[in-house]
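Subject: Structure handover and notes

Hello,

Here is the structure we discussed, followed by my notes on it. Please keep it open while you read.

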Amino acid sequence: MNFRERWRLAGIIALQMRFDGFLKNNPGNMARIKENPEKISRSIRSSSRVNSILSVFMIIMLAALTIGVTGFDASIGDLNVRLAVGFSFFMVLAFVLIFLLNLTTTTGFFTSGAMKLPSILPLSRKELESLAVLAFTRVFIAPAILTVTLFPAACFVLFGPLAGFVALIGCLATVSVSLRSLIGFSRWFETKMLSSDESKIGTIVRIAATIGLVVGIMSVYMLSSYIPYIVQGVIMFAESFNGTYLVLSVLFPFSFGFLASAVTPGVTFQDLMIPLVSGGMSLLYGLIALVFYRQSGKLLRGLAIGGVSTGRTGPLREISIETRTPIIAVIRKDLKMATKSVGSAIVYAIPIFLMIMLYPMIRGMSQDGPLHSITAMTAIAYANLFGGLTVVSVMMFDTQGASIHEGLPLSSRLVLKGKTAISIIPYTMTMLFIALLLSLFNPITPLVILIPILAIPLGYAVPMSVGAAMYRYKGGGRAVAINLAADQKMALIAGFVGAVVGLGPLLGFGIVMIMTGSQIFSLATQALVTFGIVLMAHFQIPKLLKD
Amino acid sequence: MVAVSVERLVKSFGSLVAVNNVTFEVREGEIYGLLGPNGAGKTTTIKCLMGLLDPDSGSTHIYHVNSLENPIEAKKLVGYVPEEHQLYDSLTPRELFEFIASIRQLPKDKTNKRIGEMVKALDFEKYYDSMIVTLSQGNKQKTMLISALLHAPKLLILDEPFSGLDVRTSKIIKDIIQIHVDNGGSVLLSTHVMEVAQGLCDRVGIIDDGVLVGEGTLSELRAQAKEESATLEKLFLRLTEQEEEVQVGVDALREALSE
Ligand SMILES: Nc1ncnc2c1ncn2[C@@H]1O[C@H](COP(=O)(O)OP(=O)(O)OP(=O)(O)O)[C@@H](O)[C@H]1O
Ligand SMILES: [Mg+2]
């Protein structure tokens, strides 16, 4: 088989991998695929195209932003460190980006039967192995190629050929390292996730890994607004300790960054050790990257023969089971599911994610003087939007269990109550976090901190309303599984409904504030409207549902 | 007493009429087989009966409970094994059974005894604590079956219960079905395996393109098709008007294979 043929076949396998990965993440489609295969495969193709376009776009933006900030924003540090930190920073981000954006597909690679298809063809083992490698390459070739061309090319033009060359080597090494970590992590992750290990440690590892992952994925999408802060932060941190730069230049990928900076015309380092050390370390890391590259090939080739084994071999325990009340059973089931899949862990991660987002906002607002109520209100409005998304994420679990759900005498109302109960926790945490953030940044009166506290009861009303809206819209009032990934429109609706429901008390607060100027009256209004909405949600919403 | 009654059921998807004015009954203590080629409307009929789809017109009852108006009550009476296997992939069978038993509010001791016996009979101990996603097709089917039988339902509704099962498990399921009716329960199952239907079902309904084209015991169907001692397969093909098509297809195949 010649290369072109293999490349084409690898494309088919890669598509199959995406397909499997997609189906696995959105099992709701499994039932529908029979009815409307074209539509589903179209949506998979378009979503994987969106994914590639997104990665490409992110890398271009990252490159442009890092170069902009570090090359030309003279307000941050000296040119030499700015360049060094900037270069390194791009590599770190490219690593994170390649790693996280491709993780779902890659995990699919290990479990999906994608390699089963070619293995029944009359192909030699060697051809199969090279197919596995090629298929993998095809999945994330776009961001990888962009990483190793765009940024080094820009450096070449802006900072001279030598800097461009070092950047190229650095980027190649980064891609290789992220490839290796991606493969290693996916294997480990898939084994851990699928092991039904019930020990506490196992659960903790699972939760930690998923939260880290989800927060990582989400923060990638909003890193851009942080670049100046982070670069500045690193430089400030480094400058407060002597010798930090030297330490940094030992570390991957900073060695490449410092080396690239050192060879840029017009840049000098007073400490000669820095260029020397970074040069030596760059060489070492280059070699390590080469080894990693080889290892990745080997690991992928191994796949051609068999995937990860996830079976359980343990002593058999008692067969008897425990029963609980229906509502507790619904909640327990959803919590168990949440600890076992990446997408589901969003539920836990949302408060953390919101904090990452709100911190710079509140900090920014506090720089023009003491914080007013409007800051608290903006933060709460964001939180409500995400509150809507939380409950839909919990609804996603049901995509997996349709066959079980269909036969169970489980009322839609009970299902929604269970989902609401789970969503209350992150909502409450979010509001407490907001209160904490507000108190950190000099509020104009301590009463401002009360605004998010008073919003906590909405943690009941927001998920109830959003959930009911979803069930009405998708299932005609029946409890159905909602899939955010497959159905982005639902995310919009959820966010919208969440925000609108949460807006009532804030509007009440605002209007009374404008009319009376009294914080106390405004807070009282907020509390009253909140109470009204909670009552409405409790008594009216169940009427919208049917079984 | 009638276990299931479906009256003048009509359900369409857009312009496609998937179930067209279907009427039949499952009597208490009998095994009723719903037969039909792929896409005939068997699953759609069953889904309407379970209150999962809203029919365009007609009514469905399970032990006199209207399953459209009161699906929760209806589902309490039924053990349902749907055609697709969408179980909670990341739970283990144990966790799944705990969930189901809790939702159905089953008494602990009795349920545990039942589970223990079923797990043993189906040779399922090994998989009891493995994540469902790692189970084979047949073991998923067993999980579904145990889930459906957990509450000792009076009526079993099984959509294609024999797909993907090995000989031993098929036999066990046939026995389970038989024992279930011997104890006074009723069964509604859909299948396209003729031998199963002929050997197992007391009565069958043959459905084609959404229309019930024949119904009754084997001898009643023979009388209807004016074919003495015909097998169910032959009757099926005759009633669904596929007899000639199949012959043409087989002839073409014979030629193709002999080359
Ligand atoms: N949700 C749906 N939307 C559109 N068409 C549907 C839907 N569900 C079923 N159909 C169509 O209705 C017809 C009957 O389908 P049904 O699943 O009831 O057939 P079946 O007899 O169970 O077939 P099989 O033996 O293959 O399971 C088919 O043509 C099917 O494509
Ligand atoms: Mg069917």
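Which residues of chain A do ring pairs link into a cluster? They are F87(A), F90(A), F151(A) and F159(A). Please bear in mind throughout that this is a predicted model.

Aromatic and charge-ring contacts

Over all chains, the search of the whole structure gives ten aromatic pairs. One of them is formed by F252(A) and Y285(A), whose ring centres are 5.4 Å apart with the planes at 65 degrees, so this pair is edge-to-face. F252(A) sits in the loop between α12 (244-250) and α13 (254-262) of chain A, while Y285(A) belongs to helix α14 (residues 273-303) of chain A, so the contact ties together parts 33 residues apart in sequence. F252(A) is partly exposed, because its relative accessibility is 26%. Y285(A), at 15%, counts as buried.

In chain B, the rings of Y88(B) and F99(B) also form a pair, with centres 6.0 Å apart; their planes stand at 85 degrees, so the pair is edge-to-face. Here the loop between β6 and α3 of chain B, which holds Y88(B), is linked to helix α3 of chain B, which holds F99(B); the two residues are eleven apart. Both Y88(B) and F99(B) are buried.

Two charged side chains lie over rings. R180(A) is placed over the face of F292(A), 5.9 Å from the ring centre. K154(B) is placed over the face of Y63(B), and there the distance to the ring centre is 4.3 Å.

Is T43(B) buried or exposed? With a relative accessible area of 19%, T43(B) is buried, because the cut-off for buried is under 20%. E83(B), at 27%, is partly exposed.

The two sheets of chain B

One open sheet of chain B has four strands in the order β2-β1-β4-β5, with antiparallel pairing. Its edges are β2 (16-27) and β5 (65-66) of chain B; each has a single partner strand, so one side of each has no neighbour in the sheet. Helix α1(B) packs on this sheet and touches β1, β2 and β4 (57-62) of chain B, its direction making about 115 degrees with that of β1(B). Strand β1 (residues 2-13) of chain B runs antiparallel to β2(B), and nine bridges join the two. F13(B) has L16(B) in β2(B) as its bridge partner.

The other open sheet has six strands in the order β6-β7-β8-β3-β9-β10 (chain B), and its pairing is mixed. β6 and β10 (211-216) of chain B are the edge strands, each with a single partner, so one side of each is left without a neighbour in the sheet. On average, and ignoring direction, neighbouring strands of this sheet are turned by 15 degrees against each other. Helix α9 (residues 232-239) of chain B packs on the sheet, with contacts to β3, β9 (203-208) and β10 of chain B; the angle between its direction and that of β9(B) is about 35 degrees.

β6(B) and β7(B) are joined by four bridges and run parallel, with V81(B) partnered by L158(B) in β7(B). β7(B) is in turn joined by five bridges to strand β8 (residues 186-191) of chain B, again parallel; here L155(B) has S186(B) in β8(B) as its bridge partner. Five bridges also connect strand β3 (residues 31-35) of chain B with β8(B) in parallel, and I31(B) is opposite V187(B) in β8(B).

Enclosed elements

Five of the five residues of β7(B) (155-159) are buried, so this strand is largely enclosed by the rest of the structure. L155(B), I157(B) and D159(B) point one way from the strand, and L156(B) and L158(B) point the other way.

Helix α3(B) is likewise largely enclosed, because eleven of its eleven residues are buried. Among them are R94(B), E95(B) and E98(B). Its cover includes elements of both chains: α15 (326-338) and α18 (402-407) of chain A, together with α4 (108-121) and α5 (137-149) of chain B. Just after the helix, Q105(B) has a positive phi of about 55 degrees.

Regards

Terms used
Residues are numbered from 1 along each chain as its sequence is written. Chains are lettered from A and ligands numbered from 1 in the order in which they are written. This is a predicted model: local features need pLDDT of at least 70, side-chain atom pairs count only at pLDDT 80 or more; totals for chains, interfaces and linings use all residues. Side-chain values use heavy atoms; hydrogens and water are left out. Buried means under 20% relative accessible area, exposed over 50%, partly exposed in between (1.4 Å probe, protein chains only). Two strands pair if DSSP finds at least two bridges between them. Contact means heavy atoms within 4.5 Å. Axes are lines fitted to C-alpha atoms, for helices over the stretch in contact, and angles run from 0 to 180 degrees between N-to-C directions. Rings of Phe, Tyr and Trp (its six-membered ring) pair if their centres lie within 6.5 Å; planes under 30 degrees apart count as stacked, over 60 as edge-to-face and the rest as tilted. A charge sits over a ring if NZ of Lys or CZ of Arg is within 6 Å of the ring centre and within 35 degrees of the ring normal.
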